[in-house]
Amino acid sequence: MIKPSKITISSDGAFNVPDYPIIPFIEGDGIGPDVWRVTRRVIDAVVERTYMGRRKISWLEVLAGEKAYRETGEWLPSATLDTIKEHVIAIKGPMTTPVGGGIRSLNVAIRQRLNLYACVRPVRYIDPVPSPMKSPEKVDMVVFRENMEDVYAGIEWEPQSREVKRVISFLKDEMGVSVPEDAGIGIKPISEKNSKQLVAAAISYAIDNHLGSVTLMHKGNIMKYTEAAFRKWGYEVAREKFADKTLTETELFESFNGKQPEGKVVIKDRIADVMFQLVLLRPDEFHVIATPNLNGDYLSDALAAQVGGLGMAPGANLGHDCAVFEATHGTAPKYAGLDKVNPSSLILSGAMMLEHMGWKEASSAVWDALRRTVKSGFVTYDLARQITGAKEVRCSEFGERIIENIG
Ligand code: NAD
């Protein structure tokens with residue numbers, strides 16, 4: 001019997017994944033336990049069948065959210081963060097945002113305290129999930145959203161507070177800028193370091209997965225020193241780190257007559273508002289999108305809707321030292337414990353996790369089995385009510401059917 005051990009990272013940043021890795025999980029609140037139970041069964045079955053017992057995940061529960069609060073009096077115990085760091089990769093269900101718990105959002109706290117600088121959301125169509133698009137199969141993109149700064153940095157002051165009055169008088173007296181006396185104020189920091197590491201991760205992903213382009217989505221025409229700076233740093237990091245593997249859209253047309261050379265990723269940029277039109281009108285022109293936090297938040301949900309909603313969309317938060325994979329929907333408290341909801345978001349996040357570990361065959365097997373199950377028409381209530389002729393099954397039964405459909 002092989003003893004399970006930890007995943008480690010070498011000094012060059014490479015992952016060392018043992019055949020029996022220990023992976024921490026947070027089951028989450030509300031519907032979290034329902035979807036986690038099914039996800040765990042599906043991932044275990046896929047790994048078992050793909051590697052014939054040669055590989056196996058040893059799951060380690062860590063506490064966060066309501067369960068942590070009940071058992072330890074803390075919403076996010078530091079032992080949880082330490083264990084995730086120590087084991088490099090973790091997966092989590094959705095968590096309640098505590099009201100008045102001293103934490104603005106557990107998810108934001110996890111991202112910031114583990115330095116998870118990129119939120120990654122693949123958006124892919126699974127036939128025949130109902131979609132508002134005419135050709136939803138053309139939607140196949142991965143959004144890399146900056147995760148640590150922008151207006152999400154949490155630097156803001158309440159209207160009429162002592163603090164906001166000081167900021168307003170500083171702006172007036174020291175900077176010569178006038179702000180209405182009754183305004184609330186938030187600060188939008190966008191740094192060179194964070195922008196470059198995010199765009200570099202997006203370009204590496206495009207290169208590794210042979211994808212055609214990385215689009216920098218920004219609102220730089222209006223916000224010159226934040227969003228336009230993001231765009232500038234994006235092009236800079238492409239030149240500095242990936243000169244031999246990338247070219248700009250201008251170079252593509254000036255030097256290659258618009259014909260993309262083999263093995264090169266095109267770096268382009270689009271203004272955020274135009275981008276929302278383009279992903280609807282010409283989705284097949286986009287492969288990887290790198291963008292600051294707020295744009296990315298809006299765009300990821302809008303794209304998820306293009307392929308059938310958040311119940312299906314997986315997500316990951318990546319850092320240099322660790323990665324946390326997560327369901328993108330919330331805790332849907334009214335469905336908690338009913339064994340009713342769609343577990344696809346967390347299952348597909350599990351598939352992303354397997355890919356990140358280098359277990360690519362197992363990752364593809366999850367996507368394939370889930371696609372076959374949805375195609376067979378046995379789906380959870382959210383899809384059943386929209387697909388003609390589909391039969392509603394419970395969350396756990398949907399999972400069993402995915403397991404039956406593993407190739
Ligand atoms: P929600 O995503 O929990 O639920 C909204 C509605 O979407 C549900 O009523 C349900 O109809 C549907 N839904 C959600 N997940 C589904 C699934 N897997 N299958 C089928 N239908 C599904 O959003 P909310 O009601 O705004 O938030 C509830 C709680 O979740 C809040 O405390 C919020 O802060 C938290 N939240 C957590 C995360 C996270 O942990 N990543 C994300 C969003 C919201």
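## The ligand and its surroundings

Around the ligand there are 18 residues, and those that come nearest are Met-95, Thr-97, Gly-330, Ala-332 and Asn-342. The model described here is a predicted one. Sorted by class, the shell around the ligand consists of 8 nonpolar, 7 polar and 3 charged residues.

Asn-107 has a polar side-chain atom 2.9 Å from an oxygen atom of the ligand. At Thr-331 a polar backbone atom is involved, and the distance to an oxygen atom of the ligand is 3.0 Å. Tyr-381 places a polar side-chain atom 3.0 Å from a nitrogen atom of the ligand. The ligand exposes 820 Å² when taken alone, and the protein buries 65% of that area.

## Tyr-205 in helix H6

Tyr-205 belongs to helix H6, which covers residues 192-208. Its relative accessible area is 19%, so Tyr-205 is buried, given that the limit for buried is under 20%.

Setting aside neighbours within four places in sequence, the residues in contact with Tyr-205 are Arg-124, Val-142, Phe-144, Leu-211, Val-288 and Glu-355. Of these contacts, Val-288 is 83 residues from Tyr-205 along the chain, yet the two C-alpha atoms are separated by 8.2 Å.

## Cysteines

How many disulfides does a search of the whole structure find? The search finds 0. A disulfide would need the two sulfur atoms to be within 2.5 Å.

Cys-119 counts as buried, with a relative accessibility of 2%. Cys-395 is also counted as buried, at 0%.

## Backbone features in loops

The peptide bond that runs from Asp-127 to Pro-128 is cis, and its omega is near 0°. Pro-128 sits in the loop that joins strand E6 (118-124) and strand E7 (140-146).

Val-88 and Asn-115 are not glycines, but each has a positive phi. For Val-88 the angle is about 70°, and the residue is in the loop between helix H3 (78-87) and strand E5 (89-92). For Asn-115 the angle is about 55°, and this residue is in the loop between helix H4 (106-113) and E6.

Are Val-88 and Asn-115 buried or partly exposed? Val-88 has a relative accessible area of 4% and is therefore buried. Asn-115, at 37% relative accessibility, counts as partly exposed.

Terms used:
Residues numbered from 1 in each chain as written. Predicted model: local features only at pLDDT ≥ 70, side-chain atom pairs only at ≥ 80, totals over all residues. Heavy atoms only, no water. Helix = DSSP H or I, 4+ residues; strand = E, 2+ residues; numbered from the N terminus. Buried < 20%, exposed > 50% of the residue type's maximum accessible area, 1.4 Å probe, protein only. Contact = heavy atoms within 4.5 Å. Near = heavy atom within 4 Å. Polar contact = N/O pair within 3.5 Å; in protein donor to acceptor, adjacent residues only side chain to side chain. Areas by Shrake-Rupley, 256 points an atom, 1.4 Å probe, with all protein chains shown as cover. Nonpolar A, V, L, I, M, F, W, Y, C, P; charged D, E, K, R; others polar.
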